[in-house]
Amino acid sequence: GSGGRLFLAPSDADLDSARAWIAAEEARRAQAAEARALPARTRDGHTVSIGANINLADQAAFAIAQGAEGVGLMRTEFLFLERGETPSEEDQYQAYKAMADALQGRPLVIRALDIGGDKQVAHLELPREENPFLGVRGARLLLRRPELLVPQIRALYRAGRDGAPISVMFPMITSAAELLALRETCERIREELQAPKLPLGIMIEVPSAALLAADLAQHADFFSIGTNDLTQYTLAIDRQNPVLAPEADSLHPAVLRLIGLTVQGAHMHGRWVGVCGGLAGDPHGAALLAGLGVDELSMTPRDIPAVKERLRAAELPAL
Ligand code: PEP
Ligand code: MG
């Protein structure tokens, strides 16, 4: 369902209309599925890259079958959430290498740990915070806990040294100073390992980052917009609050304006911009994002066929 409505006592006419809707939806999905291997190229020839949001190597085959051209967001928190202890550098290296191998040369964007906020890890024993969403999460935690940051960056560069086309992305960046400090650590480790350079990008999830996009683009190789958090922080709505869920609208004009600014700032410096938040997987949202100039959309694999179909049916100036 897409409306989120529950009919307790549907009439015959309601049931008929629901059945007709289901049949039409199935036909639409079947049509989209047939074309899912084709690129998301608009009728006037503009192509948007399509990635998948997956965490495990064994999800890669399904994502590729759904039409993914790579992975635009591999969240690494799961490595910490699934077990009762911090994974070693070697464990992490094996997980990243397995994903890269499963993708067979396709691009892979791996996000550094985003712990805190809605993603709490008991065994890290982090101090309790009154407002964890506004606290030490994402990049802020990595910068304060080298014992978390360093093994992860080492594991990523070791996978990069094997030749995998890996890009590294940092979550919850709010200032250029954070990004520069993280870049410095990456460069030091890269030199130690004699590994090749990997593109270093950031998530745009906080209004300050979107507003400063043109400045941040001087130091980041790419951006990926996390519309889940960007919506939460722009509208001051906790993303987990069920009462406010209907108002947590990623299509709110304020959010779209920040996305527009992000794209402008990135393109000013020749950087690409993706979106890996939930809005990218909604066909209507994806069309708007393409119209705003976003270069890549990354989503749950199941959402890919419908998004590709929507973009392939469109002409860019109309979006
Ligand atoms: C986002 O915030 O939109 C995002 C993709 O990151 P996460 O949902 O993991 O916070
Ligand atoms: Mg986020």
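Guide: Gladly! Let us start with a definition: a residue is called buried when its relative accessible area is under 20%, and exposed when that area is over 50%. Please keep in mind that this is a predicted model.

Visitor: Why is Glu-205 called buried?

Guide: Its relative accessibility is 2%. The cut-off for buried is under 20%, so Glu-205 counts as buried.

Visitor: What makes Glu-205 and Asp-229 a pair that ties parts of the chain together?

Guide: Both coordinate the magnesium ion (ligand 2), Glu-205 through OE and Asp-229 through OD, at 2.0 to 2.1 Å. A donor has to lie within 2.8 Å of the metal, and the distances here are 2.0 to 2.1 Å. Glu-205 lies in the loop between β6 (200-204) and α8 (207-211), while Asp-229 is in helix α10 (residues 227-235), so the pair joins parts 24 residues apart in sequence. Asp-229 is buried too, with a relative accessible area of 2%.

Visitor: How do you know that Arg-111 makes a polar contact with ligand 1?

Guide: A polar side-chain atom of Arg-111 is 2.8 Å from an oxygen atom of ligand 1. The limit for a polar contact is 3.5 Å, so the Arg-111 pair qualifies. Lys-119 also places a polar side-chain atom 2.8 Å from an oxygen atom of the ligand. From the backbone, a polar atom of Gly-226 lies 3.4 Å from an oxygen atom of ligand 1, still within 3.5 Å. On its own, ligand 1 has 290 Å² of accessible area, and the protein covers 99% of it.

Visitor: Which element gives the most to the shell around ligand 1?

Guide: That is α10, with three residues. In total, 14 residues surround the ligand, and Arg-75, Asn-228 and Arg-239 are among the closest. Ligand 1 sits in the largest cavity.

Visitor: Why is Glu-125 called exposed?

Guide: Its relative accessibility is 69%. Exposed means over 50%, so Glu-125 counts as exposed. Glu-125 belongs to the loop between β4 (108-111) and α5 (139-144).

Visitor: What makes the phi of Glu-125 worth a look?

Guide: Most residues other than glycine have a negative phi. Glu-125 is not a glycine, yet its phi is positive, near 50°. Ala-236 likewise has a positive phi, of about 55°, and lies in the loop between α10 and α11 (253-268). With a relative accessible area of 68%, Ala-236 is exposed.

Methods
Residues are numbered from 1 along each chain as its sequence is written. Chains are lettered from A and ligands numbered from 1 in the order in which they are written. This is a predicted model: local features need pLDDT of at least 70, side-chain atom pairs count only at pLDDT 80 or more; totals for chains, interfaces and linings use all residues. Side-chain values use heavy atoms; hydrogens and water are left out. Donors are N, O and S atoms within 2.8 Å of the metal (3.2 Å for Na, K and Ca); water is not among the atoms, so sites may look incomplete. Helices (H or I, at least four residues) and strands (E, at least two) are DSSP runs, numbered from the N terminus. Buried means under 20% relative accessible area, exposed over 50%, partly exposed in between (1.4 Å probe, protein chains only). A residue is near a molecule or strand if one of its heavy atoms lies within 4 Å of it. A polar contact is a pair of N or O atoms within 3.5 Å; within protein, one must be able to donate a hydrogen and the other to accept it, and residues adjacent in sequence count only if both atoms are side-chain atoms. Accessible areas come from the Shrake-Rupley method with a 1.4 Å probe; for residues, only the protein chains shown count as cover. On a 1 Å grid over the protein atoms alone, a cavity is a set of points where a 1.4 Å probe fits but cannot get out, and a pocket is an open set with protein on both sides within 12 Å along at least five of seven lines; lining residues have an atom within 4 Å of a point. A molecule sits in a cavity or pocket if more than half of its atoms lie within 2 Å of its grid points.
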